[in-house]
Amino acid sequence: MAKAVCADERVRRRFSTVVFVTLGGDLRGGPRIAAKAAEVIRLVTGEEALFHEDPALAGAQLGRALDGLRGSLLLVLDDVWSEAQLAPFLVGGRNCVRLVTTRIPTVLPDTASRVLVDRMTDDQARAVLTSDLDLTDGQLAALLSVTGGWPLLLRLVNRLLAAETATGLTTAGACAQTLDLLRTAGPAGADIGTGAHLLDLDDPAEREKAVRATVEASVRLLSESASERERLLELGVFAEDEVIPIGLVCALWRESAGYEPVRSRALCRRLRDVALVGLTDSGGLVLHDVIRDYLRAELGAGRLTAAHGHLVAGVRPAPAPTPWWELAEGYLHDHLVRHLVEAGLTDEAEALVGDLRWVELRLRQRDASAPFNDARLVPTGRGMRRASELSAVGHLLAPEDGWAGRAAVLYSRLGGRRHWAEQAAAGAGRLPAPVLVDHAAPPDLPGASVVRVLRTEGPVMATGLAPDGTTVTTVDGRYVRQWDVESGRVLWEREFVERFSVREDHPQIGSNYALSADGRWFVHVHEGRALVWEVATGNELVSACPFDFLIAVAVSPDGEGVAFCSEDELAVCRTTDRDAPGPPEEPRSAELPQGRLHFLAVASGGHVTVARVRNLLLVHDWREGDREPTLLLAEEAQLADVAGDFLVRGSRGAVHLHDLLSGEESSLSCDPASHQLVVSPDGAVVHECLDSAGGEWRQIRPHAEPAPLHDGRGRPST
């Protein structure tokens, strides 16, 4: 029905773009729902989406994509089963109309305009029930109560009665037998079929019982043996809402039960005759998703895994199996990886998604999202890495470049990855001329030390890495995001109001936000207040901001203190809970020399601040109550960095690591050619970067010899 609406000429004239998305009962779990939202983003914008794990974050990005469209869009969301499925698709979209089909009306928002289409009118239901049958008014009334006017059940009951009467049973006898069966096994016990109870289609439990009873009655007509019932159940392995090639059904049953193709096709026809499946003119089998759910529930987990294994074995003939990328079957291309994983063949699935020949097939057949989605289905670390690597390339594979152009880009970008290098080199050698091929590695490929490449929506203005390296926080565009380093997924996201301060008499452009070095805390100034967010939890603290013209702001590692800097003044204020009673604490301030501010930092509790104005490094201690802060340090420093509660400063080969809270200081040796120092938030490691063409760097630690130098790609320097 939804597809018929999309094909209607009036709908096509009204909407410049129509996007059809099937959700279905199998779409469960946050990451899978988020991936479906990302698929819609690609369909709408033609661009790859961020790798979200949270459906709410994916929905927010989809909403922004919909808001950016100029023309009108019809977004069709077919077969919705839960509010969680629907929620990400309801965000934004000023020019977007959504058409939702569902059997569960309670999943729809209260503001939705509802059209009841799943219950036929009495005349329509009578026409389906009486097809090839002569039924009395009483029989019709009882059967209508059984089916509730549901087209699926109407058709099942009609075919069941027709099959029974074809064996010589009278129509009255067939009706009585069917009603007796449904009174016993159906959803309403003895009341059903008496007029006292009408099947409630809004109740999933009632629908399930009615389908179970009717299907079981139809299955009894197939054969006295359990074999054909088992073959029917095995059809539950196939993907939802797909036309299944009969050849694949034959392969499945040949492997599981030794059926010859003639016998398999005959069984398919008998299943069609009792309305358990549909057959298309093109040689495909169609399975209603409600019946599919019943079949999968009856199989159970163990037999379902075995059936997936039979299907995989059946389409891969021994002793010399055909490589998967040489098979011409389109259904297998789209669903093979899922069947391998569900069959327990995870190693084979992992190897397949990492084979460039399979990636090439999927790119030709679908688009850049296809091989990425395949790899994402493999529940292993290598599978996730393949997905991340393919995701980083997908946005560069423009369809208008043609296959040779896309393949050249694919080989160029993947050639720098250890796993893909040999395959990419072989693929590049097969490309037809003329085509551009790398003679050396591109200069912008990530080095061997790169763990993850994260694709953001805007330029990254700040980053913070957790001490254990598992998460990284970025500020890109108007968003603060926390990412999982292993998977590349967005774990947390929040939008903020970005502001810049400009004054004609001052050379520096001020910013209203900052991120702590470990990515745990984010502060931004809005409407005269500093709002401090604890990343990942959303816990919010506040403090007053004393300056109208703000050059910089900083937040302490524990979120308890905020520092502010104007053109000639420094201020510190303690944070309080947003809902705390009373006014926020008044800021304390100190004078600063005028000049360009290179950085501003504040230690835990707001106790110590570090500001670098021009080359002058200033350290103030604010722990003396209401008194003026104590100036602990004021000296020229060629190099300096602050992270957490630690300051590192140096010049002319000497480096000093300073604990801002305890006052302890240790000396380190550095190369006189160093032009940058970076300290870790726990003060355990200092990195120095040399002023050399190769961008060499190394670690230096207190009381230890400097580590070997590495080049800009993370390799040991020679």
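Valine 117 counts as partly exposed in this predicted model, because its relative accessibility is 48%, which lies between the limits of 20% for buried and 50% for exposed. Val117 is found in the loop that runs between strand E3 (96-102) and helix H6 (122-129). On the surface, Val117 belongs to a nonpolar patch together with Met1, Val5 and Val115. The accessible area of these four residues together is about 390 Å².

**Overall dimensions**

The protein has 718 residues, and 50% of them count as buried. Its secondary structure comes to 21 helices and 32 strands. Taken along the principal axes, the box filled by the C-alpha atoms is roughly 105 × 65 × 50 Å.

**Cysteines**

How many disulfides does the model contain? The count comes to zero. A disulfide is a covalent bond between the sulfur atoms of two cysteines. Here the pair would have to lie within 2.5 Å to be counted. Two cysteines illustrate the result, and their values are given below.

| Cysteine | Cysteine with the nearest sulfur | Sulfur distance | Relative accessible area |
|---|---|---|---|
| Cysteine 6 | Cysteine 96 | 12 Å | 6% |
| Cysteine 545 | Cysteine 573 | 9.3 Å | 13% |

Cysteine 6 is in no disulfide, with the sulfur of cysteine 96 being the nearest cysteine sulfur at 12 Å. For cysteine 545, the closest cysteine sulfur is in cysteine 573, and the distance of 9.3 Å is too far for a bond. Cysteine 6 counts as buried because its relative accessible area of 6% is under 20%. Cysteine 545 is also buried, since its value of 13% falls under that cut-off.

**The sheet of E30, E31 and E32**

Three strands form an open sheet in the order E30-E31-E32, and their pairing is antiparallel. Which strands stand at the edges? Strand E30 (674-679) and strand E32 (697-700) do, and each has a single partner strand, so one side of each is left without a neighbour in the sheet. From one strand to the next, the twist averages 25°.

Strands of a sheet pair through backbone hydrogen bonds, either parallel or antiparallel. Strand E31, covering residues 686-690, pairs with E32 in the antiparallel sense over four bridges. Cysteine 689 stands opposite tryptophan 697 in E32.

How values were computed. Residues are numbered from 1 along each chain as its sequence is written. This is a predicted model: local features need pLDDT of at least 70, side-chain atom pairs count only at pLDDT 80 or more; totals for chains, interfaces and linings use all residues. Side-chain values use heavy atoms; hydrogens and water are left out. Two strands pair if DSSP finds at least two bridges between them. Helices (H or I, at least four residues) and strands (E, at least two) are DSSP runs, numbered from the N terminus. Axes are lines fitted to C-alpha atoms, for helices over the stretch in contact, and angles run from 0 to 180 degrees between N-to-C directions. Patches are made of residues with over 30% relative accessible area and no salt bridge: like charges are joined within 9 Å, nonpolar side chains (Val, Leu, Ile, Met, Phe, Trp, Tyr) within 5 Å. Accessible areas come from the Shrake-Rupley method with a 1.4 Å probe; for residues, only the protein chains shown count as cover. A salt bridge is a side-chain nitrogen of Lys or Arg within 4 Å of a carboxyl oxygen of Asp or Glu. Buried means under 20% relative accessible area, exposed over 50%, partly exposed in between (1.4 Å probe, protein chains only).
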